[in-house]
Amino acid sequence: MDWKPVSLSSSPFDQSWYEASARARLAGLLDTDTFQEFVGPEQRRMSPHLPLFDLPRAFDDGMIVGRGRLDGQDVLVAAQEGRFMGGAFGEIHGAKLVGLLRAALAVKPAALLILFDTGGVRLQEANAGETAIAEIMRAITVARAAGIPVIGLIGGRAGCYGGGGLVAGTCARLIISEGGRLSVSGPEVIETNKGAEEFDSRDRALVWRTMGGKHRRLIGAADAFVDDTIGAFRRAALAAIPAAPAFDLATLEAEQARLEARLDRFGDARDATEIWGRLGVNDPAAVPGLTTEGFDALLARLPEGPHHAR
Amino acid sequence: MPDKMPLDALLASLFPAGHAVTVADGLISGDGPLGGGRLAVIGIDGEAALGIEGACFLAGRVLDVVRAGGGTPILVLIDSDSQRMSRRDELLGLNEYLAHLAKALLLADAQGHPTLGLLYGHSAAGAFIATALATRVLAALPGAHPSVMDLPSVARVTKLPLKTLQDMARSTSVFAPGLDNMVQTGAVQAVLDPDKPLGLQVAALIADSPAADTRDALGHERGGRPLAHDIAAQVVREAQDRVLREAPGA
């Protein structure tokens, strides 16, 4: 895939989301200088468990939570730092997001945004991380039922894997870029457990077309496909807020129908290109090379409307 | 470790007057009498891996219960493998199917169908999160053995010798597999007595279950997650303080 060269522009909107740190993503995503952090790094609430493994700790445990404004609207935000422990969910990392979701019920933001960048559960704190993911999913549904749009943004180095993939699937709207990968078992996990014949994790083209942003957008697993810039994620987040579906029986019945239809139509497909062909894409082999403009034009030409119940 | 209770013995103890619960391809569904009403049952048996078809089927049964209304509680019986690990499952969006099942259970609970998980065997990773961990109350039977990842796999990832991990597992509950450790974190709220009628124990748990998520408070009390509850509460406090400070007239 094509990566943008390092931007020569000084505008934060033009910076690569993939290359940026979690803090830089937040600073650029939100209105200038509006971010306020909760339980910030100055409090040094670090993992009590990593020292057992002689591993370095981070003052923010790889999770940054707080509030800010998005085009003037009050929002709550959480961002995972994929460069610390692969953005994995540990006890404190997870508890910060649980707290933010619970706070949403009291402070009633216009939206709560989760900037995913995670390999899943932190194995050194596996039981705490796994339980935190269950708490986060429950808290997301409680926030959504209270009318708060919970929006996921996926475009970081670590992708969105493991329990992170399940948390993403609980959000009301998902925005993804080419670099974003969304899945449960990662390529290396499948290869380790089932062999390279099942999944060759070194075949990067296979990884992108099975788990990458374009495929996820085409099958309806994500709502918007965006360029790898902070500005593109910001515009898509703004557009997603008013479009977030309610969390109710009607939404989940529509999602049930959407997921059953996918099994019926594509259950025997061997590769993503087969699915794209059945969706009406004339030249599936050309999809990975399409620019965002080209991809948007392709989406507009496809015979079906979006399937967005989630 | 005690033996795991077979599903037919479990169902007989749960429903002494008989039931309409069946198992096909490792997927459990049906219902039986409980108190004056019915108890809906879904689940996974025989350490089956949970893939896209299974998650979709189970979610459909949960939504059937919600659509019918009436407040029927839902019991989720789990003896599973992890999520099914395959290229095909991921190609078709396993994360959506597993999340959908969890959301169906969470919606059911929020709409007056109390959900209770009962772990009677194994479970791991995504299959655990999508089923038993998506219930209001999770109980287990002795002999259950949940894990996020087994120790040999943890050894591979962390590059620590297995012997070192086994020694560490004796003094900390936070990473090692096993029922006791998931009780310590607060994920498993109660361990049931297999020698007493399960129907009564299940009915009592449903009657006593808290509406709010108390797992982090339990993890604090039991020592398995010393900080999660405090951190979450502190985030809530700081968020409210900042908003109050900016409120008009403050």
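This is a predicted model: local features need pLDDT of at least 70, side-chain atom pairs count only at pLDDT 80 or more; totals for chains, interfaces and linings use all residues.
**Entry 1: a residue in chain A**

I started with Ile151(A) and skipped its neighbours within four places in sequence; what remains in contact with Ile151(A) is Ala111(A), Leu113(A), Cys171(A), Ala172(A), Arg173(A), Ile175(A), Ala237(A), Ala240(A), Ile241(A) and Ala244(A). Contact here means that the C-beta atoms of two residues, placed from the backbone, lie within 7 Å.

Residues are numbered from 1 along each chain as its sequence is written, while chains are lettered from A and ligands numbered from 1 in the order in which they are written.

**Entry 2: the core**

Next I looked up the largest nonpolar core, which has 170 residues. Such a core is a set of buried Ala, Val, Leu, Ile, Met, Phe, Trp, Tyr and Cys residues joined through C-beta atoms within 7 Å. Buried means 20 or more other C-beta atoms within 10 Å of a residue's own, exposed means 12 or fewer, and partly exposed is in between; again the C-beta atoms are placed from the backbone. Which residues touch the most other members of this core? I found Leu112(A), Ile151(A), Ile175(A), Val62(B) and Ala102(B). Helix 4 of chain B brings the largest share of this core, 11 residues. Helices (H or I, at least four residues) and strands (E, at least two) are DSSP runs, numbered from the N terminus.

**Entry 3: chain A overall**

I noted 11 helices and seven strands in chain A. The radius of gyration of chain A is 19 Å, which agrees with the value near 19 Å for a compact globule with 310 residues. That radius is taken over C-alpha atoms, and the globule rule is 2.2 Å times the number of residues to the power 0.38. Along its principal axes, the C-alpha trace of chain A spans about 55 × 50 × 45 Å. I see 55% of the 310 residues of chain A counted as buried. Among the contacts in chain A with a separation of 6 or more, 71% are between residues 24 or more positions apart.

Most residues other than glycine have a negative phi. I looked up two that go the other way.

- Asp54(A) has a positive phi, near 55°. I located Asp54(A) in the loop between strand 1 (36–38) and strand 2 (63–70) of chain A.
- Met85(A) sits in the loop between strand 3 (73–80) and helix 2 (91–107) of chain A. With 26 other C-beta atoms within 10 Å, Met85(A) is buried.

Ala232(A) has 20 other C-beta atoms within 10 Å, so I wrote it down as buried. Beyond its neighbours within four places in sequence, Ala232(A) is in contact with Val226(A) and Asp227(A).

**Entry 4: chain B overall**

Chain B has 11 helices and nine strands. Its radius of gyration is 19 Å, close to the 18 Å from the globule rule for 250 residues, so chain B is as compact as a globular protein of that length. Of the 250 residues in chain B, 53% are buried.

I also checked Ser209(B), in the loop between helix 9 (198–208) and helix 10 of chain B. Ser209(B) is partly exposed, because it has 18 C-beta neighbours inside 10 Å.

**Entry 5: two packed helices**

Helix 10 and helix 11 of chain B pack at an angle of about 135°, with their axes 7 Å apart. Axes are lines fitted to C-alpha atoms, for helices over the stretch in contact, and angles run from 0 to 180 degrees between N-to-C directions. Helix 10 of chain B and helix 11 of chain B are therefore oblique to each other. The cut-offs I used: under 35 degrees is roughly parallel, over 145 roughly antiparallel, 65 to 115 roughly perpendicular, and the rest oblique. Asp216(B), Ala217(B), Gly219(B) and His220(B) of helix 10 make the contact with Ala228(B), His229(B) and Ala232(B) of helix 11.

**Entry 6: where the chains meet**

How many residues does each chain give to the contact? I noted 71 residues from chain B and 70 residues from chain A. Helix 4 of chain B gives the most to the side of chain B that touches chain A, with 13 residues.
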